[in-house]
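Subject: Structure for you to look at

Hello,

Here is the structure I promised to pass on. My notes follow below it.

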Amino acid sequence: MEIFEAGNYDIVVIGAGHAGVEAALAAARKGKKTLLLTLHLDALAMMPCNPSIGGTGKGHLVREIDALGGEMGKNIDKTYIQNKMLNTAKGAAVHSLRAQADKEKYRVEMKKVIEKTPNLELKQQQAVSLVVEDGTVKGVITQTGAKYDCKAVIICSGTYLKGKIIIGTTSYEGGPGGLLPANYLSEDLKKHGFDIIRLKTGTPARVNKRSIDFSKLSPQYGDAVPTPFSFDNEEVEVRNVPCYLGYTNEKTHEVIRQNLHRSPLYSGMIEGVGPRYCPSFEDKVVRFADKERHQLFVEPEGLDTDEVYIQGMSSSLPEDVQLKFMRTIEGFENVEIMRSAYAIEYDAIDPTQLKLSLETRLVKGLFTAGQINGTSGYEEAAAQGLIAGINASCYIDGTDPLILDRSTSYIGVLIDDIVTKGTKEPYRIMTSRVEYRLYLRQDNADRRLTRLGYEYGLVSKEKYERVLKKEEDINSQIERLKTVKIPPTKEVNEIISSRGTSPISGTMSIYDLLKRPQLDYSCLRDFDPEGGNMDEKLIPLVEIEIKYEEYIKKQYAQIEKFRQMETRLLPEDIDYATVPNLRLEARDKLNRQRPHNLGQAGRISGVSPSDISALVVHLAKSQREDKNED
Amino acid sequence: MLYYRDTIAAISTPTGYGGISIIRVSGVDAFEVVNKIFRRPGGKNFLEQGKNTIHYGHIIDEEGNILDEVLVSKMPAPHTFTAEDVAEINCHGGIVAVRRVLELVTRMGARLAQPGEFTKRAFLNGRIDLSQAEAISDVITAKTNLAANAAIGQLTGVLSEKINEIKQKILTLISNVEVTIQYPEYDIEDVTNEELLDSLREIKHDIEKLLKTYKQGEILREGLKVAICGKPNVGKSMMLNALLNEEKAIVTDIAGTTRDIVDEYISLSGLPVRIIDTAGIREAGDIVERIGIDRSIKAANEADLVLFLCDASNPLDEEDEKILEILKDKNVIYILNKTDLGICDEVIKRFEDKVNLRTSALTKENIDVLEEMIISQVLSNNEDVMSNAVVTSVRHKGLLDDALRSVSQALDCVSMGYEIDLIQVDINDCWASLGNITGQAVTEDIIDEIFANFCLGK
């Protein structure tokens, strides 16, 4: 291959999926001359699997991305077709926003944003290798021989690296959504010393909407008043296209059982490790044999298409079997498949080779984000892309990277989990992974993170000041409600009792009454004459702060303790082999993973509390020796 | 984990020495914690007292009961061992009282110190030098090794099995709740308030039941009481030293040198054994000696096990027989000591139908066998204690107390109508406290549980 000099950039981003676009936008917005490479210009920000953004845990990520100055929330607000706040009966900490997306519009809108962003160049090119000198990345070479010189590279290769599609007994090299795979880059990464792991995921069939009898399914609508994902949007236009719920039956399961021998999963043809949270339908039938029916959801792929996505029917059985079992489902008797379900295997790197900044430890200036790091999901990818974009810019500027710890955000938990513990299956964020979830709510993501977005240059001063003002307003309302006293009149007690809580015998403040879970501001509003000028949007936020106050205080105390360990940074050059009293396993693990701080060190499997003790003593000792030398 | 700013407490004197034990409390809240439980005559406030002062008073528990009569010293930072605020409680009431005071201190907000933690703080705060600091990790390692030994393993094995059962119940509950949060669109039924209450009550009941065993576990905690009896100069003190493996009691050739009962704890394969070295039992003219002998008889009566010592190199005399008579209904190991001086046939004959052992405390012959015999006594006499889960350590009790508090709070929250996200916080805390007894509770367990039991996904 003849190589030619094709240009000079600050940052090259390889891959323009959800990680890549956030990375490129963040880098360009931070003033870095950025090149975004994609295998196919029409596949930019493509959603090859489910047509939705958000959901439990993932919705938190999108709001955090937005607070930090990312694009995903804004783009889904432009292109959603149904929007729903989930878990509204389970408490504010687990409220999660989910939107059905018009996939085509999502892609087109994102491409517009990319194309209009200054400092950002978009090209259809397949990166095949990195230029690395003295352990530092210097450029990227593409399939056509173009060599782009640069100071930092962010790889967001999704499931394309050595992608292999498997449908029943058929398998071929390919990327998702009928695209070509990227067959060279992972070999190049191996050359630079990266451990490559093989992962697997799958997607259900897309079928023709006209071939479904919707009268046999039940429609599922979103919220009548949608909540915007982006904190920039006060409100969004109402769109409420329904999804539909259906059920499999014993006949469906019988077809599966009769054809199990034709599944590549059971015949051993698939070697990659798949995620437990997206099992194939055949897997569900085998593992939960006594379940009489399974749910399936029909989700529109967009407004201008008849393709619908069948959630719950992920499969790698042959196409004829897919058709056969689907046609046993009520409403699906005449169903026609437009794109069959498939499993895909791909290369990823072992994410314990990364720093918390998402820079690799093996090659300076090289960052990775998204599925290459062993995660799954558009939102997980976008979150990492944003952080990698910010930190690649910081790397070039020689400034401190943005490291979000577990007590700041879902993004922090996600990155800490994969970098510290690694992953054996595609990693998905879940609210149960989050220690401080009463504090890390989706409603306060702006108040938690906008300051950082501003400090790292992605959020305008005006937006930041708006958030400060909001915080101030919430606090002053809380203080005000402490002073609004309600007397124990018959009228008051009737309202209180009707909510199923005990009447009051003395005068009580609205603040104190709001602590009762049964009461909300709306039922007490009549007794708050001054409350008329309170911003409606603030009311739920004020309520949450008051109701959760005691628990949040407790959580703050825990966070305080947690941070004592997180803020004790470990020197870059420490040789753990020389630290006395460390057990052998701990020495190896610490030397391999080189944790950022003591807290992270303690979370590495194989590092025990007594190892941390030994480390603390060693650090204090060397600090004191340094001091004596000075 | 290592939080340097919290307040820690521990008994800082070796168990069993003399009458006084000192509980050291160190950290930012040291004085606050002590102030909550320390009542001084005239009601003077401990917090207002000057630095480096000592105060007389009583330790009072939550119910207002006096636990002990004490002297408390107040030493503010930075000129203390740890360079933090330090209060030291000098307890007089013996080992049981000391433990109760320590438990009270931990309930009032101090955490039980980890092995070597005072020293570690002293080092980290710049109070001691490097060579002293080197020893710290050794201390930690030593404790770890002890915990790993078989006998302790057997004990904690039963306990952790029980705790794991409770943990599993909590885990099931958590995952039943989490799955509906994580997958709201699936037709998995929400956990109802009734189900939640039932599970939480059951968990609470289990924890309470386990906490009750803390009292039963006394033998394991206070140690098996072993009295060493025998006429003067048969080598009792030397036997004690041999068991202790160091020179502690005064040993001379003159009969009656050991006047006081010296309590010593030894750790045999990790099991606490409390050895009471009695003065020689004999009719004594000397008043002081007489008191010693009365106490020795009393000690033998209180002991769980008596080691009777005689001089194997000489035939038994009247005095030996008199002691044997006193011990005839007791649980006794008959020790034919001083075998280094030879063994006389009559002595062998006298004990041939009894549990006996030939030893030389001087040359340490068969001391290891004796230790094993004592251990097997502990194990066989406390079979029910050993086979049931018994909470023995203060640390475990403290964590169980925490777990109980969390589950009670969760129950309150359910009854008061709080939403599940808040209730879950207390359930998680409960799970974490139990996890600290048997090994870290990890969120990955919840996720494993969810995917093992529910059918989900695209």
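Cys394(A) is in none, and its nearest cysteine sulfur, that of Cys156(A), is 16 Å away. Cys394(A) is buried, at a relative accessible area of 2% (buried means under 20%, with a 1.4 Å probe and protein chains only). Cys523(A) is in no disulfide either; the sulfur of Cys413(B), the nearest from a cysteine, is 20 Å away. Cys523(A) is buried too, at 10%.

A word on the basis. This is a predicted model: local features need pLDDT of at least 70, side-chain atom pairs count only at pLDDT 80 or more, and totals for chains, interfaces and linings use all residues. Residues are numbered from 1 along each chain as written, chains are lettered from A and ligands numbered from 1 in the order written, and side-chain values use heavy atoms, without hydrogens and water.

Now the interface. Chain A brings 63 residues to the contact and chain B brings 51 (contact means heavy atoms within 4.5 Å). About 5200 Å² is buried between them, 55% of it from carbon and sulfur atoms; this is the accessible area (1.4 Å probe) lost on being put together, summed over both. The rule finds 3 salt bridges across the interface (a Lys or Arg side-chain nitrogen within 4 Å of an Asp or Glu carboxyl oxygen). In one salt bridge, Arg437(A) pairs with Glu178(B), with the closest N and O atoms 2.7 Å apart.

Best wishes

Key
Buried area = accessible area lost by both parts, 1.4 Å probe. Disulfide = S-S within 2.5 Å. Buried < 20%, exposed > 50% of the residue type's maximum accessible area, 1.4 Å probe, protein only.
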